[in-house]
Amino acid sequence: MNLKFINSLLYIGLYSFSLYVFTNFICPVYSYEGYNLYMNYGKMLTSIFVIIFISLILPSKIKKVSDFLLHIHFIFPILFMLVLYSAENLSSYYMFMTIFCFLIIYALVSIRLPFRDIRIIRIIKINMKWLIRIIFLLSFAFLIILIVTHKQYFNLDITKVYMYRFLLIEMEEGWMAYLIHSIFPILLSFLYTYSLVYKKIFLLIIALVFFVLNFAFTSHKQYLFLPFFILGVFLILKSRFPIQRIITGLILLIAFAVFIDYLWLEVWAKALIINRFLFVPAQLNFFYYDFFSQNPKTFWTDSKWLLIGKIIDYPYSLPLPMVIGNAYFNDPKIIANTGWIGSGYAHAGFFGMMIYAIVIGFIFKFLDYKAKILNKNFIIISFSPFIISLLLSIDLKTVFLSNGLFVYMIMLTMLKPDKGAMENENN
């Protein structure tokens, strides 16, 4: 049977089941979070048409890095935005702006572009093994610094992380905060991904130990969750039909959460798996549109890196996520982060979304270019923490400048072609 046809059926199945779960289990319980049920059957049919169209134009197999990333992007958060668009009778204008921007990304990765590495970086070339050695030494040195400066905050109890993080606030400022939150999670992820893809068991164990110890001394949960997330992406890519497995897995995960809560008469599984992970990011995009379609855009004046705030005044007294938290949850302490879709609109409306779509399209294209000389699966897996942040929870400029994406792309640019990697990929 044709894979594109199977993908269409699976996507429609995921949409339909998610719509059923939202109307019967999520909206009635979590209406206090801003959900409203105003089912529009015309928008439901429109959503199904959009799903069929997108699933037919997207690649059925993973031949390039962007093939995988486009499918992930369509699921998170666009498909779940379509669920809310139908069930809550939300803005067609914003929904189709989102689809249009997604098609911009698709078009950019589909056309041929003459990519070249930055000239100054082409002078500094390093092979993968030497880069991994450097990352290992940097990670070890950073761990020693943490042991010396954070030894009194050693903690392996995940239930106490917020208590310890409160105590660590004053210590984690400036460059220390940047290293803990941004650079070293990326370096450790790079190290861990390399050990998985190239089957370096001893290095894999060391990377896991580094993750656990970094969690113990900083109480940041990302150090515990990243290894499981990366391992999950690795196992999916090792399967014969990764896209079909992701869609089917999501359907089963949603069903599992509903069943578990029904069995124990609880709501924690639906709250964590279905609501928080799938619907909240989609809903926040619509909140950002609703607010900034009626209030001043920010035009990137909230960034200390871009310096636009020196020319134009930032129009709010709170950071963007807290502005939305205050407007829709009546609590500025609720930090309502969103990905590039909502934040792009907050900065410059439809124009801001298109700019972000073009930047993401070029990033995907760059990864495709690097996959010609490096292992494709290695690039997908090592980039996966960034794509989830971009789509669901962090502004593009923040991911690029503050969360290590720029450093990651420089590392990829510096890498020499790896013949061993290409052979490994073909096995």
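Which residues does I62 touch, not counting residues up to four places away in sequence? The first view below takes that up, and every view comes from a predicted model.

**View 1. I62 and the residues around it.** Start with I62, which sits in the loop between helix 2 (41–57) and helix 3 (65–87). Leaving out residues up to four places away in sequence, I62 touches D67, F68, P242, I243, K376 and I380. One of these, K376, is 314 residues away from I62 along the chain, yet their C-alpha atoms are separated by 9.6 Å. Is I62 buried or exposed? With a relative accessible area of 17%, I62 is buried, because buried means under 20%.

**View 2. Helix 14 alongside helix 15.** Here we have helix 14 (residues 340–370) and helix 15 (residues 376–392), with axes that come within 12 Å and cross at roughly 175°. So helix 14 runs roughly antiparallel to helix 15. On the helix 14 side, the residues that meet helix 15 are W340, I363, F364, L367 and K370. Their counterparts in helix 15 are I379, F383, I387, L390 and L391.

View 3. D302, D395 and K397 are linked in a network of salt bridges.

**View 4. The D261 and K270 pair.** This view shows a salt bridge between D261 and K270, and the closest N and O atoms are 3.3 Å apart. Both of these residues are buried. In total, the model has three salt bridges.

View 5. N285 is part of helix 12. At 0% relative accessibility, N285 counts as buried. Setting aside neighbours within four places in sequence, N285 is in contact with P77, M81, Y94, T338, I341 and G342. Take a second look at P77, found in helix 3: a cis peptide bond joins F76 and P77, with omega at about 0°.

**View 6. Two asparagines with positive phi.** N89 isn't a glycine, but has a positive phi of about 55°. You'll find N89 in the loop between helix 3 and helix 4 (92–110), where N89 is partly exposed at 36% relative accessible area. N330, also not a glycine, has a positive phi of about 55°. N330 belongs to the loop between helix 13 and helix 14 and is exposed, with a relative accessible area of 69%.

View 7. Which residues make the nonpolar surface patch of about 330 Å²? They are F140, I144, I147 and V148. I147 lies in helix 6 (residues 128–150). At 33% relative accessibility, I147 counts as partly exposed.

How values were computed:
Residues are numbered from 1 along each chain as its sequence is written. This is a predicted model: local features need pLDDT of at least 70, side-chain atom pairs count only at pLDDT 80 or more; totals for chains, interfaces and linings use all residues. Side-chain values use heavy atoms; hydrogens and water are left out. Patches are made of residues with over 30% relative accessible area and no salt bridge: like charges are joined within 9 Å, nonpolar side chains (Val, Leu, Ile, Met, Phe, Trp, Tyr) within 5 Å. Accessible areas come from the Shrake-Rupley method with a 1.4 Å probe; for residues, only the protein chains shown count as cover. A salt bridge is a side-chain nitrogen of Lys or Arg within 4 Å of a carboxyl oxygen of Asp or Glu. Helices (H or I, at least four residues) and strands (E, at least two) are DSSP runs, numbered from the N terminus. Buried means under 20% relative accessible area, exposed over 50%, partly exposed in between (1.4 Å probe, protein chains only). Axes are lines fitted to C-alpha atoms, for helices over the stretch in contact, and angles run from 0 to 180 degrees between N-to-C directions. Angles under 35 degrees count as roughly parallel, over 145 as roughly antiparallel, 65 to 115 as roughly perpendicular and the rest as oblique. Contact means heavy atoms within 4.5 Å.
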